[in-house]
2 protein chains.
Amino acid sequence: MTPAKKYLFTPGPVSVPPEVLLEMAQPIIHHRTPAFSAALDQARERLKPLFGTRQEPILLASSGTGAMEAAVINLLSPGDQAVFVNGGKFGERWGKILAAFGMTGHEIKVEWGKAVRPEQIEDALRAHPTSKAVLVQASETSTCAIHPIAAIGEVARRRGVMLIVDGITSVGVFEQKMDEWGVDAFITGSQKALMLPPGLGIVVLSERAVDTAMKNKNPKFYFDLLKELKSQRDEHTTAFTPTVALILGLNKSMELLHAETLPRVYDRHRIMAEATREAGLALGLKLIAPDNPAPGVTGLIVGDGYDTGKLVKYMRDVLGVAVQGGQDQMKGKLVRIGHMGYLTPFDMLIAMSALEAGLKTLGYEFRPGAGVAAVQSRIARSI
Amino acid sequence: MTPAKKYLFTPGPVSVPPEVLLEMAQPIIHHRTPAFSAALDQARERLKPLFGTRQEPILLASSGTGAMEAAVINLLSPGDQAVFVNGGKFGERWGKILAAFGMTGHEIKVEWGKAVRPEQIEDALRAHPTSKAVLVQASETSTCAIHPIAAIGEVARRRGVMLIVDGITSVGVFEQKMDEWGVDAFITGSQKALMLPPGLGIVVLSERAVDTAMKNKNPKFYFDLLKELKSQRDEHTTAFTPTVALILGLNKSMELLHAETLPRVYDRHRIMAEATREAGLALGLKLIAPDNPAPGVTGLIVGDGYDTGKLVKYMRDVLGVAVQGGQDQMKGKLVRIGHMGYLTPFDMLIAMSALEAGLKTLGYEFRPGAGVAAVQSRIARSI
């Protein structure tokens, strides 16, 4: 069985709505035209409520990692100290970026699947009082767990340090309040809740961050955020050639999300995540992050002796259903099912049905249909 | 008149073939899969003849400027000296990138529309004997002129310095011989002859450049070319999330170009450029680069008292035909007609017809139909 129709449940890249694909497949327009400027302005305006900000989104032709690097090199300088939360693969990346640019990162190591506690941030800042920033993920994609950004923001404010947040799997997934929480740099990428292909990175800076960036002396050119901000805000275009199709697609995907209304979008993700957790438990699987699960992606642990690498491969190659395994220390142990992109709770029926078929090939014992039934039950309660 | 059908004759971004748009509009696939790896490998292999190299193309999720920066920061270090050719807006950009990263650029200023002479390179390297590299455009898009890379390569080899070439409007446009010419870093972008939307930067490094990059101490992360090279060559994937749709589109556009055969692709560009130059002269316009015209874009000067800004706006807004004006010192004076992307010499009939209509609104006097007739005549000689 090699089905022509494929299903994508990976936690990014995600399925893109046909309306957005068609928008991106329009004859390409030039990027120094009123038509492009109008789309850029509108897309940037439409992004603000997803971040919970009145500040200006800065669009970059880069992946999310590029946007993370941009935030770091515009706000910190070589020799600077910073505290970062390493609760998974992407938290670890903060440390690598800081080190690459000659900054000293003080790591708060958090067990995979757990949330950092605000007291840990407070303690780290006390131990390293010259630290200029805290770097953290709002949602750590590798562990399917969220960190408490509002509470971390309070600590950062009290200690007078900047707060740099990777919102790659939180912005557009659940409600974010950048301005209220006091986030100074908030980052996301196109290939998650924004329902687009990868290639577009987004950074929003607080007013304080803009002031800090003005004084920053790090060498930079492509990722000069103030140059981009000025260009996008004042000149209605980008400093360098933009990802034209992605920006037109972004404007369309934002139109779709706002038409659905953001509260309903967030409900949709939450219900998918709840349905998947309930289904996983019904199959006897364990949740990697039971106390602080991410609404954008659910991580299920199958248990010793069952290789989720094989499971994922079988689901993808034989069933045409793409989910993702674990990374690094969770390799072979975890299966991750994404809820972002062009998906509804009904799609989780398919994900779970395929997961059950995959588990069967591993010899894992469970009550057939229990996962699908749990999804169905959660859907029923939401209608 | 506001026509629904638009024509794009800008020197990038360019028209994308429907086959490529459809390929990019396919349901998105995940980037850690055998299917993506196969497309990446094939696309990278298919790129090599366009550069004239046996080395490995490195694909970046960035615009061409990002790829220029990547070449500089991987091959040069702060404090290094280099010679760069400023014969237009993009040559000037080399200087800005060098300065941004604490390198000293020795500028060879070249009149817009002229080619740099190899003796000028030789003289500059003699005057600045500690220079480590020469940076130049193979084709300077802002002035529609080409520089003699083969001869510059000879000078660079004799003086033992690296040669870094921006091939953004040369790779895929006319024959390039990276290995034979001794180019150490050859750069291009997706939005020109590769017939794709913007967002994908490409760098090819010589063996010597790879050795140099290994010793380079510049801070880098997103643009770490050796990390990308290793990932793409050995692991058949990218280090960070790639521009999936663009890479699938690249593989398709490469398939189309190779099916056409590269000699015919280069002929097609050359004939379009010749037709446009002959048409411009037939209308009494002047060529900005009569001695060394680029095959990818033709620049025509209308003359004092005629604002090409108005001309371009009229052509675009009223006729639906997009060409481009001049930049910086040529603003208002130049009109640029691109020959790259999904175009054939027949399309130049449309470009010229619209140009004639635009010139008429400016009150410019010419024999109506002379431009179109010249294109038609050139086409006839090519059939």
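Reader: Into which domains is chain A divided?
Author: The model is a predicted one. In chain A, one domain is made of two separate stretches, 7-14 and 262-382, and is called domain 1. The remaining domain, domain 2, spans 31-258. The division of chain A is therefore into domain 1 (7-14 + 262-382) and domain 2 (31-258).

Reader: How many residues does each domain of chain A give to the contact?
Author: The C-alpha centres of domain 1 and domain 2 of chain A are 28 Å apart. Residues count as in contact here if their C-beta atoms lie within 7 Å. On that basis, the contact takes 23 residues from domain 2 of chain A and, from domain 1 of chain A, 26 residues.

Reader: Which element gives the largest share of the side of domain 1 of chain A that touches domain 2 of chain A?
Author: Two or more residues of that side come from each of β12 (297-301) and α11 (262-282) of chain A. By class, the side has 15 nonpolar, nine polar and two charged residues. The largest share is four residues, and the element that gives it is α11(A).

Reader: What kind of axis relates the two copies, chain A and chain B?
Author: Chain A is superposed on chain B, with an RMSD of 0.0 Å, by a rotation of 180 degrees with 0.1 Å of shift along its axis. The copies are thus related as by a two-fold rotation axis.

Reader: In chain A, which residue has the C-alpha nearest the axis?
Author: The axis in question is that of the rotation of 180 degrees that superposes chain A on chain B. At 2.7 Å from the axis, the nearest C-alpha of chain A is that of A:Ser62.

Conventions: Residues numbered from 1 in each chain as written. Chains lettered and ligands numbered in written order. Predicted model: local features only at pLDDT ≥ 70, side-chain atom pairs only at ≥ 80, totals over all residues. Contact = placed C-beta atoms within 7 Å. Nonpolar A, V, L, I, M, F, W, Y, C, P; charged D, E, K, R; others polar. Least-squares fit on C-alpha atoms with pLDDT ≥ 70 in both.
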